[in-house]
Amino acid sequence: MGRQAEEHREPTAGQRIREQKRRKALRTHRMIRRGLTVCGVLVVLGAMYMIISTRYLHRFMPGTVLNGVKLSGKSLKKAEELLIRDAQENYTLTVKFRGGETQVLTGSSIDLTVSFRDEVENVLDEQDSLTWLPRLFGRGKVEETIGGLRLYDLKKLASWTMGLPQLQAENMQAPVDAHMQIGEDGLIEAVSEEEGCWLNADVVKDAVENAVAGGEPELDLDQVPGAYAKAQVLLGDEGLSREINRLNFFLATNVTYSLPDGSTESVDGSRIAGWLKESETHAGWFDLTTESLMESIRTYVADLSARTDITYESYDFASTNQGLVNLPVNVGSYGYRMNQEAETEALFKDIIGSVTETRVPVYSVATSLSGGIGDTYIEVDLLAQKVYLYKGGTLFYSSDCVSGLATDWERVTPRGVYALYDKETNRTLEGTVEEDTGQPEYSSYVNYWMPFCDRYGLHDASWRQWFGGEIYQTQGSHGCVNLPPVAAATIFDAVEIGTPVVIL
């Protein structure tokens, strides 16, 4: 029992200290060994990373895409070969035209060759080979488009371009400027411009060459300045709007004529629109100049006059001595004869003033015979050499007279139905100027002058002593009706301008 107890006795303090030192040394050894192992692994990994990094000094790193070609791990030479092959075999230029049409140019059709040496080398030089690991997992990818030196057959390229169907004249439509049209309301309105598809061949040719030289895959000609011809006048153009407003001001005119037969006729916007001319300076514009408007008005007034003027050919007159006598009617005295020049001027002023009114045309003669000449008139009986003045249907005054020389047709007083167109006192009447003397055939002063047709009239003849009878057959006047001074004064005071004068 004693020996056994002795064998299991506690270690001494010294023994415990020695044991602790031993164990500590063992742990230290293990840690050093593990550290060395880790360092070794890290050194190996670092060496491997650097070896791989060194490899990417001369090759493209993961995620490198140039011109759509994947170049990861490719050498400079191999990368250029791939890019050249892709450019030569796969390059196309899609040319887009207005309206959605396209044409495709292939690199092979123009003998395209490309050199990317400098551009590819620049990309390789700029990459950081130490970043290959993040690039391997998709971080920091490089996707670029490089141009390179592109060589091709210029003649073939030009031939392809100029042969494009869209560049042929028969397939192109020129742009149309904003222009005018007559709207449903009868007024002028603006119509928007049309783009058209007219191409500038020189601009297109240059644009295609630049696109090929730059390796562009697409060329939208609608985005190329000057490729398409443009309309010069656009909707909202100040000049267009101003001209439309000017013309519509004229079209707002509405002149309604009251005509002799009781009907009416209007000159309004629809009629004036027919007088508009095509502008000589702007395609698709209307124009209305003073000259063209006057010409149209003059033509219209002449037509209106021809259609509506009233002329009386003859009139049955119940004479004092000869019964019912059919006489020609002087067109200058009776009927409705439009003064075309005056009416042209009047209508022109109405239109440029945009007037709305109802009126009668301007007439030079506007006297109706539909109800007869009335019951107040002057009757000259050439056979009896008498002048009768009737007022209110009753003989008011009568007198002998001397009419035109019966044996000279140039001096005979003309038969017919007339009307006084003037009354004057103290008038000198002169005949035709004679060529040999340069003096008028006659010059006679009269106190009372009552003309009824051109140079013919009734007047006093103080130089005569006798009137009536057959004096007119040998000593007749130059066509006027000569009256004794008292008779001339009496008649002058009793009649008005417009009083009918019947010569029979």
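1. Glu-209 counts as buried, at 18% relative accessible area (buried is under 20%, exposed over 50%, partly exposed in between, with a 1.4 Å probe and protein chains only). The residue is located in helix H7 (helices are DSSP runs of H or I with at least four residues, strands are runs of E with at least two, and both are numbered from the N terminus). Leaving out residues up to four places away in sequence, Glu-209 touches Tyr-152, Leu-154 and Leu-157 (contact means heavy atoms within 4.5 Å).

2. The model is predicted: local features need pLDDT of at least 70 and side-chain atom pairs count only at pLDDT 80 or more, while totals for chains, interfaces and linings use all residues. Residues are numbered from 1 along each chain as its sequence is written, and side-chain values use heavy atoms, with hydrogens and water left out.

3. Helix H7 (residues 201-213) packs with helix H6 (residues 154-162) at an angle of about 130°, and their axes are 10 Å apart. Axes are lines fitted to C-alpha atoms, for helices over the stretch in contact, and angles run from 0 to 180 degrees between N-to-C directions. H6 and H7 are therefore oblique to each other (under 35 degrees is roughly parallel, over 145 roughly antiparallel, 65 to 115 roughly perpendicular, and the rest oblique).

4. On the H6 side, the residues that meet H7 are Leu-154, Leu-157, Ala-158, Trp-160, Thr-161 and Met-162; on the H7 side they are Ala-201, Val-204, Lys-205, Val-208, Glu-209 and Val-212. By class, this contact has nine nonpolar, one polar and two charged residues. The nonpolar class is Ala, Val, Leu, Ile, Met, Phe, Trp, Tyr, Cys and Pro, the charged class is Asp, Glu, Lys and Arg, and the others, Gly among them, are polar.

5. Phe-467 lies in the loop between strand S26 (456-460) and helix H12 (471-475). Its relative accessibility is 15%, so Phe-467 counts as buried. Apart from neighbours within four places in sequence, its contacts are Asp-400, Cys-401, Val-402, Ala-461, Asn-482, Leu-483 and Pro-484. Val-402 is 65 residues from Phe-467 in sequence, with a C-alpha to C-alpha distance of 5.6 Å.

6. The chain has 13 helices and 28 strands. Its radius of gyration is 58 Å, well over the 23 Å that the globule rule gives for 504 residues, so the chain is more spread out than a compact globule. The radius is taken over C-alpha atoms, and the rule is 2.2 Å times the number of residues to the power 0.38. The C-alpha atoms fill a box of roughly 210 × 70 × 40 Å along the principal axes.

7. Of the 504 residues, 38% count as buried. Among contacts between residues at least 6 apart in sequence, 66% join residues at least 24 apart.
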